[in-house]
Amino acid sequence: PPQLTRGHGGHHQRCFQPCCLATCAADHGGNNCAIASACGICGRCRVPLVLHWPAPPAARAAFVPFVLRRHLPKHGIDKLEMFSKSFGSEEAARQKFEGIKAAADADGLCFDYQGQRAGNSEDAHRLLLWAQGQEQGDHMKLLDEIFHSYNCERKWVGDSAVLADAAQRAGLPRVEALDALRTGSGATELEERLSRSESLGISSVPYFVIHGQRLSGALQPEELLRALRGAVAKEGEL
């Protein structure tokens, strides 16, 4: 299969994803289709890329939420400090982030961890669910705008103003977006979709389910394509 090249596709300069906004795909016709849990460049960038390559597999991907750090406060905490505690030192944490940044750079993506925060991102998920029901705007563009705010501009996605600004850039009404965040819109639906993720056994990201086959880790596009083509060869169109 062709290699992933710098800047390939319309999203690549803006969609390096934070793990706290991980996503996983829904099912198709009652059967698991291409289910992708996205962390980094694995889901929002690599899955669509694979499905738009020449002679792509007959499959499609849809996205549902998975909140990685729900135990943390919505206002967020310093991400470097949190990872320093997890890895034993700030030096080890920085090495981890530099590795992620190098992977992003290789694919033409932006990832700036300096000053980033980590926390409970469920408000961002609620806003995405709200956006799906709006006549104007594009909820997938909103997803890209949220990723861009977080990874390129170091803005925290638990901040209602940041989310409302992202909604406005995606063609959605800013005032109504703020109202949806304030009133708890989408909370019930979010819980239902998180239960779906839990039923699939998803407890970390990246995570993919392709017609029942479960894969984890930061898979390369070639690996995703191989798995999708293998499923299609066995089952026909997914």
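Author: Here's a tour of the salt bridges, pair by pair. Keep in mind that this is a predicted model. The structure holds 15 salt bridges, and I'll pick out a few of them.

Let's start with R154, which bridges to D112 with the closest N and O atoms 3.4 Å apart. R154 sits in the loop between α5 (139-151) and α6 (160-169), while D112 is in the loop between α3 (90-106) and β5 (117-118), so this pair ties together parts that are 42 residues apart in sequence. As for accessibility, R154 has a relative value of 42%, which makes it partly exposed. D112 comes in at 25% and is partly exposed too.

Next up is D123 with R126, whose closest N and O atoms are 3.1 Å apart. Here both partners belong to helix α4 (residues 122-132), three residues apart, or about one turn of the helix. Both D123 and R126 are buried, meaning each has under 20% relative accessible area.

Finally, have a look at R174 and D165, where the side chains meet in a salt bridge at 2.8 Å, N to O. R174 is partly exposed, with a relative accessible area of 26%, and D165, at 27% relative accessibility, counts as partly exposed as well.

Definitions and conventions: Residues are numbered from 1 along each chain as its sequence is written. This is a predicted model: local features need pLDDT of at least 70, side-chain atom pairs count only at pLDDT 80 or more; totals for chains, interfaces and linings use all residues. Side-chain values use heavy atoms; hydrogens and water are left out. A salt bridge is a side-chain nitrogen of Lys or Arg within 4 Å of a carboxyl oxygen of Asp or Glu. Helices (H or I, at least four residues) and strands (E, at least two) are DSSP runs, numbered from the N terminus. Buried means under 20% relative accessible area, exposed over 50%, partly exposed in between (1.4 Å probe, protein chains only).
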